[in-house]
Amino acid sequence: MREAVLAVTSNPLQRIPGVAIMLLLLVAVFGAVAPGFMSEVNIANVLVQSTLLLMLSLPMTLIIMTEGLDLSMGAVLTLTSLMVAIVSVATGSMLLGFAAAVAVGLIFGVANGCLVAALGIPPFVATLGTLGMAQGLALIVSDGQSVVGIPHSVSEIYSAAPFGIPVPIVLAILAYLLFHGLLYRTRFGAYVFALGGNREALTYAGLSPTRLLISVYALGGAMAGIAGLLMTARMNAGHPTAGLGLEFDAIAAVAVGGTSFERGNGWLGGTALGVLAVGVLRNGLNLLALPSSIQVASIGALVIIALFLDGFRSRS
Amino acid sequence: MSVRETIYAGLTVLAAATIATAAWADGETIAVFTKNQTNPYFQAVRVGADAAAKALNAKTLHYIPTKPDSIPEQLSQIEDVVVKKPDAIVFTPVDYKAMVPGVEKINAANIPVVNITDRSAAGKFVSFVGADDYSLGLETARYLLKTLGGKGNIVIIEGVKGSLTNVDRVRGFNDALKENPGTKLLASQPGNYQRLQALQVMENLIESHPQIDGVLASNDAMAMGAIEALEGANRTALVIGINGTKEAVDAINSGKLLASGDYNGFLQGCVGTTIAIRSLRKEPVVPEIVLKPTVVTKANYQSYETPIESRACPTWDDATKLGAK
Amino acid sequence: MSMTLPIHESSPFNAPAPPLLELRGISKAFPGVKALDDVSFGVWPGEVHMLLGENGAGKSTLMKVLCGAYRADAGEFFHRGEKVAINSSSDAQRLGIAVIFQEFSLVPYLDIAQNVFLGREPMGRIPGTIDRRGLLREARRVLESIGFDIDPTIPVAKLGVAQQQMVEIAKAVSQNARILVMDEPTAALSDRETELLFELIRKLKADGVAIIYISHRMAEVFALGDRITVLRDGRRVGEVDPARATPDELVRMMVGRNVDMSYPRHFVEEPGQVLLEVKGLSAPTGISDIDLVVREGEVVGLCGLVGSGRTEVVRAIFGADPASAGRIIFDGREKSGGPDEAARLGLALIPESRKAEGLALARSVGDNLVVSALRKLFPSGLFQPRRVQGVSSDLIAKLRIATPSARQTVALLSGGNQQKVVIGKWLAAGAKLFIFDEPTRGIDVGAKAEIFALIDRLVADGAAALMISSEQAEICHVCDRAYVMREGRVAGELSRAELTEENIVRLGMHHA
Amino acid sequence: MTDITKQAFAPARAFMSDDLLQVFYRLAAALLICLALAILSDSFLNLGNILNVLRQASLLFFIASGLTLVVLTAGLDLSVGANVALSACLAGTVIHQTGSPALGVLAALATGGIIGLLNGLMVTALRIPSFIATYGMLWVLNGLTYWYMAGEIIHGFPAAFRQIGSGYLFGLPIPVYLLLIFLSIGTIFAQRTIWGQEIYAIGANPVAARLSGIPLSRRLLLVYAVSGTMAGLASIIFLARLNSAEADIGESLTLPAIAAVLIGGTSLFGGVGTVFGTFVGALILTLVLNGMNLLSVNASWQPLVTGVIVILAVWLDIKARRRGE
């Protein structure tokens, strides 16, 4: 580790992360040209639409900080969402459904953790494998059909708005605060930094990297379970493909948010901004009713430009 | 490329966008929801909708998930559209059950909505326009079995498991087979409406079954895939598909494909949009139009050869007569 | 071999008190190697116990055993005379043992305070949370106590090597360690920083801390050591009183044979023509207006404090970092491109960090030896493994690389042999100018002499060498001339006659 | 010390001997699967079916082979599937416009190559992690393809051209010949050229490779360009096999291709793996799907089984290497 490697550049741009620039840019432009973009309802929409992705991106940030990856999240989300539906339909109890979802999520999370930490399988491979398993199970348990007849309590809670703030937004904010506290204010958080930055340090401090790593992935699984409840509530149904591919969106959001894939250099706030940037872009383009193909391409552009800005700044 | 340049780039794109949106100024705006940007069927729906709107001097806005058939995305798009408040909506749910909350949002916003193609499981609609997948499957299968003389070995290539269209079409296929005790169903395998998957499934079935006389595919893409597989193995069998796409019509013309059930996205788009506009203009509408099943065959394919872009929507009177009921 | 000096089996001071920590008959074996074989030694409060030995002598293993990372297969530990067990790092911590490795056990993106107390953070009211205020208070106290004046909220990633080492020591102190184990702590430090470190060590001694200090550098062994234990091939060769030993004796004990310590060098009076000429070279990495010349047959030194820009200069010359201004003329040709051009022209860079920048550790000796010569060996572009076998076995013989075969993974070689592979890589490529960045870092005495003999042979055959070294002794013994860097500039050039450690220090010091 | 051992224990060295051993294990595994299928299904062991498996494996291999090189440099290319789609659609157009298959092939290779080059530039010049850069590219390409195709299908190509996909030569499908050709080219390129060696060196330690005089950026560009071009080639085979081009042709291809590479024993850490291994990986995946079709296993089990195989293969590798040390 030569000093040159560690020295930080004193470029003023450095302090404004690329993702923040992108987000401000998008908000400013859409605010100017997209009718109704700034309306209270629309802002609420953007936030509600972003909750699902945020729920996945928060744990994904921690996992990526450990120089890991979780490709199974989208599929696991799909499966847990189905669990909520199936169990709550069968038992009529939302709580049981929720419990089942979190349980399934945890099982997959722990499985990922064990494959990565205990068996030493590269995270990409391990979670690519569990992705297949979760997807297969989702198709099998649902027999390819969407599951309906969810007890009303589910969607009612979802669409409730205490103090005028929709429940999903409340949950999202809670989740963010929780993760922020967890990462920056607890021992566990410090150890997450260490998992990516220097595992030796943990061993010498008498801590087990293996156990910690497993719990990080488990956390991811649990969040997928919670997100499963949200998704089921949103669709008021369970569907065997609804969440597929979301893991890549989450990874992209984390990367756009300025978390690097090396040495535990992560930024939770950036992730939140990244999620919002994607949400705002989609929403704004919908309001402008641009051809959907433009929307598809511009999402790619957003990812590339944001990362380019970061790299560009860290080099200048 | 500096930050500033990026900003400029962004601005120009969106400036262009606003001009584009400004273009939809007068007349009613109809938001049209379809499942994906890849399937020709929905392209036909969109073209039909545009034609109808143009004829009635209204405007259409198209909303299509960026990930094909994505439920969360269509839900989000509905929420965004509700903000935009178009005059009416023509709606194809990506999933007829999971999209109900979306429909309820539209209803809550009091935007009149016409349901086309897949009948939504719930929600208030001005009208439903669609084809009867069951009878479409039944009729097309009947045509193939009649041509076979009511006997022979048959394989079914199914679409996406659990999708409304597929369930009914396959049910139609099977009932047609039941009517012809002389036939034998060798296998019923999913091709997920995908050409490549259908091709490979067919390749494998060809090997496990030395004699295949008829192939019933839930859509044209899979039918064409099956045909490629058969040709690749120098085997022949009668193949039918469903949707009546341009590709299928050409194949019927060239004798590769026996027939295709006409799902007629163009008409569904036309009539759905027409109804939406009529209801806005307080003109009488019908609560439901289920297109009569028509089978495109060597006998009648000519009328389908005109590319959808240059087809015209039927008059309202003709449209009302299209309904089976 | 014959042991020439008396071995003291007990403390030379015949201390009445039992040792603070004593190891008896410690053994540790790995598949194939007996890393530690019946090693015994003790350390008393307030003394610095030097641990000497070549790479692979078992020093690192011993450290790992001491800190509980490894479990000894056999042997006993005694703490203040009573038998104890060290099976885990927590055991070691309970006994007040703290180890500072060469690769720091610091987390780059945590701040200093959190690193110092990693795993021992003061708890907040809610279980699991960290009492931030308390943490910072404690951290400031500890940093204070070792006289390290820095803001504990700075992330470690922003610190220099020396500062990171201070954090490591703070960590040890915070565990109020009574026994501090240091592995070549001065390896990456400038002389100035080394002095500060020594002061701190003396201070700790005064507080009654026992220090086990691993080193290769004779100078500091004698400057600091109260007692010296020499290891070789996992066995304890003997214990020496520095007052009564000479460097050569120690070397003989370490290596097991007589090694010529007077770096062999056949100086030529008339150097050949100019091979490399650098004019007004500046780079964003913090060097400006560098002028230097290297002639054929010369070994030119590049010295100065760590951070004075030596490495940056050679990287810029080699094209590893872009230059912002200046000209580089090599062999009469203007050079402007990156490392690939440099290699084509006949420059060779033997970087400071072999593992990170010199070798593909996971690949074979053979693969590493030919990697720079691919174009030369296979002009057709077609690659023949057999040819590689031939070429690499020649080099292995020529450089006396100790490896079972060319197929051995480089990672499994000792530091010295890895260094030879890096040099061999450039021999195969037929380089004319060899740029060495700290060529003897982490290499044991025996190998050092071989490396220098090699350099001497190279220049004798008409090549040239530009050598960075923090060990002024090396520069003085090996180089024809030397440039001294200060704050990114060339502070001066020293001819062979002027080339003394004093002059180097004088030129290199900030207040010259 | 510690990181040496880590390095030594993680991705093992790139000796031919070791790689051959790894590949040998895999071939054995493939044969075991064959044996099992031969016992379970009587139709497995007939020539036609074997040829099917090979033909289907070849489609997967063409994409995966280029990807292998990228993974050898410790990179990843998530855009291959989208690349195939766009290349196929453009090539399809060219063939329709000009009627010349040759030009079509050129168009596909060019498109694929350019896309690969852009990926390479993002990774080298912009220093964006390949994983993210190519994911962004994936969206951009999909956007272009959707816009360009507008839900249409390009179909019906000259018989001569379609031979590439479905034709036979001396009783073997033409794709199988192409498979053999590119398998040998790929193997020679990776194992027997200095570029191949340089790629392995870059994968093992990019910094050291650069400081050893290997033109890092240029080689990476080459690797991504090759990967893109192979995707272009694959698109041609698909085009000829399916006799049509549609926007979603590549959607379901990327993850299987990556899986094939991983099952083939190429390490994501870079520097370890072989093109032949990737072929065996593709073969194993295809065998499993083929078997499930022959035994008419519920398609829902396919992703699950694939997942298990991926993990199993890589885990066994790691175990083998640990034992090797």
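In what order do the six strands of the open sheet of chain B lie? In this predicted model, local features need pLDDT of at least 70 and side-chain atom pairs count only at pLDDT 80 or more, while totals for chains, interfaces and linings use all residues. Residues are numbered from 1 along each chain as its sequence is written, and chains are lettered from A and ligands numbered from 1 in the order in which they are written.

The sheet of chain B is open and has the order S2-S1-S3-S4-S5-S11, with parallel pairing. Helices (H or I, at least four residues) and strands (E, at least two) are DSSP runs numbered from the N terminus, and two strands pair if DSSP finds at least two bridges between them. Strand S2 (59–63) and strand S11 (288–291) of chain B form the edges, each pairing on one side only. On average, neighbouring strands of this sheet are turned by 15° against each other, direction ignored; axes are lines fitted to C-alpha atoms, for helices over the stretch in contact, and angles run from 0 to 180 degrees between N-to-C directions. Within the sheet, strand S1 (residues 29–33) and strand S3 (residues 88–91) of chain B run parallel and are joined by four bridges. Ile30(B) stands opposite Ala88(B) in S3(B).

Chain C contains 18 helices and 20 strands. Its radius of gyration is 24 Å, close to the 24 Å that the globule rule gives for 512 residues, so chain C is as compact as a globular protein of that length. The radius is taken over C-alpha atoms, and the globule rule is 2.2 Å times the number of residues to the power 0.38. The C-alpha trace of chain C spans about 70 × 55 × 50 Å along its principal axes. Of the 512 residues in chain C, 52% are buried, a class that requires 20 or more other C-beta atoms within 10 Å of the residue's own, against 12 or fewer for exposed and values in between for partly exposed, with C-beta atoms placed from the backbone. Two residues are in contact if their C-beta atoms, placed from the backbone, lie within 7 Å. Among contacts in chain C between residues at least 6 apart in sequence, 68% join residues at least 24 apart.

An open sheet of six strands in chain C has the order S16-S17-S18-S13-S19-S20, with mixed pairing. Its edge strands are S16 (347–350) and S20 (489–494) of chain C, each of which pairs on one side only. Strand S17 (residues 433–437) and strand S18 (residues 464–468) of chain C run parallel, joined by five bridges. Ile435(C) stands opposite Leu466(C) in S18(C).

As for confidence, the model scores ipTM 0.85 and pTM 0.86. The mean pLDDT (the predictor's confidence in each residue, from 0 to 100) of chain C is 84, and 94% of the residues of chain C reach 70 or more. Over residues 1–13 of chain C, pLDDT stays under 50, and the model has 15 contacts beyond four places in sequence for this stretch. Where pLDDT is low, the predicted coordinates should not be read in detail.

Among the five pairs of chains that touch, chains A and D have the most contacts. In this pair, 34 residues of chain D are in contact with 39 residues of chain A. Helix H6 (130–149), helix H12 (254–263) and helix H14 (301–324) of chain D each supply at least two residues of the side of chain D that touches chain A, and H6(D) gives the largest share, 13 residues. That side of chain D divides into 26 nonpolar, seven polar and one charged; Ala, Val, Leu, Ile, Met, Phe, Trp, Tyr, Cys and Pro count as nonpolar, Asp, Glu, Lys and Arg as charged, and the others, Gly among them, as polar.

The contact between chains B and D takes 27 residues from chain B and 26 residues from chain D. The largest share of the side of chain B that touches chain D, nine residues, comes from H7(B). The residues of this side of chain B comprise ten nonpolar, ten polar and seven charged. Chain B and chain C do not touch, and their nearest C-alpha atoms are 20 Å apart.
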